[in-house]
Amino acid sequence: MNERQANDGNRIRRAVRFTLVLVLLAAGWRGLEYARAYAETRPSFLVDPARCRLAARPPWMTREDVQSVRRDSGLLGRRYSFFTPGLADLFARAFARSPWIRRVRAVRLVYP
């Protein structure tokens, strides 16, 4: 075997390794995308605004008042993924729109 054939063989091996690495990276990326999409749609990771708890509410505030706050938020009728970027801020802004809410101190997401 001469030097040229050895160099050609090395080039082929490097090209095969490089291609294999690219295929594995693409497969890993696709697997992560699938796992993310699967997790985002799992019922255990969906937030139902109707189940949000209003902490530190005044004792005179009735359940009907709390339902009114939830309705005023504009969030009802849809479920949100825990993985949605800015979800806590979205809920804070939505609840702050209610005339019953003076200010929103914090929105805390509790993962299942």
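Is S81 buried or exposed? Select S81 to begin: S81 is buried, at a relative accessible area of 10%, where buried means under 20%, exposed over 50% and partly exposed in between, with a 1.4 Å probe and protein chains only. The model is predicted: local features need pLDDT of at least 70, side-chain atom pairs count only at pLDDT 80 or more, and totals for chains, interfaces and linings use all residues. Residues are numbered from 1 along each chain as its sequence is written, and side-chain values use heavy atoms, leaving out hydrogens and water.

S81 belongs to strand β2 (residues 80-81); strands (E, at least two residues) and helices (H or I, at least four) are DSSP runs numbered from the N terminus. Next, display E40, F45, L46 and L87, which S81 contacts when its neighbours within four places in sequence are set aside; contact means heavy atoms within 4.5 Å.

Now move to helix α1 (residues 3-41) and select Y34. Y34 counts as exposed because its relative accessibility is 56%. A distance drawn from the C-alpha atom of Y34 to that of L75, 41 residues apart along the chain, spans 27 Å.

Remain on helix α1 and select L25. L25 is likewise exposed, with a relative accessible area of 57%.

Finally, select R53, L54, A55, A106 and V107, which lie nearest the centre of the largest pocket among its 32 lining residues. Strand β1 (46-47) and helix α3 (87-96) each supply at least two residues of that lining. A pocket is an open set of points on a 1 Å grid over the protein atoms alone, where a 1.4 Å probe fits, with protein on both sides within 12 Å along at least five of seven lines; lining residues have an atom within 4 Å of a point.
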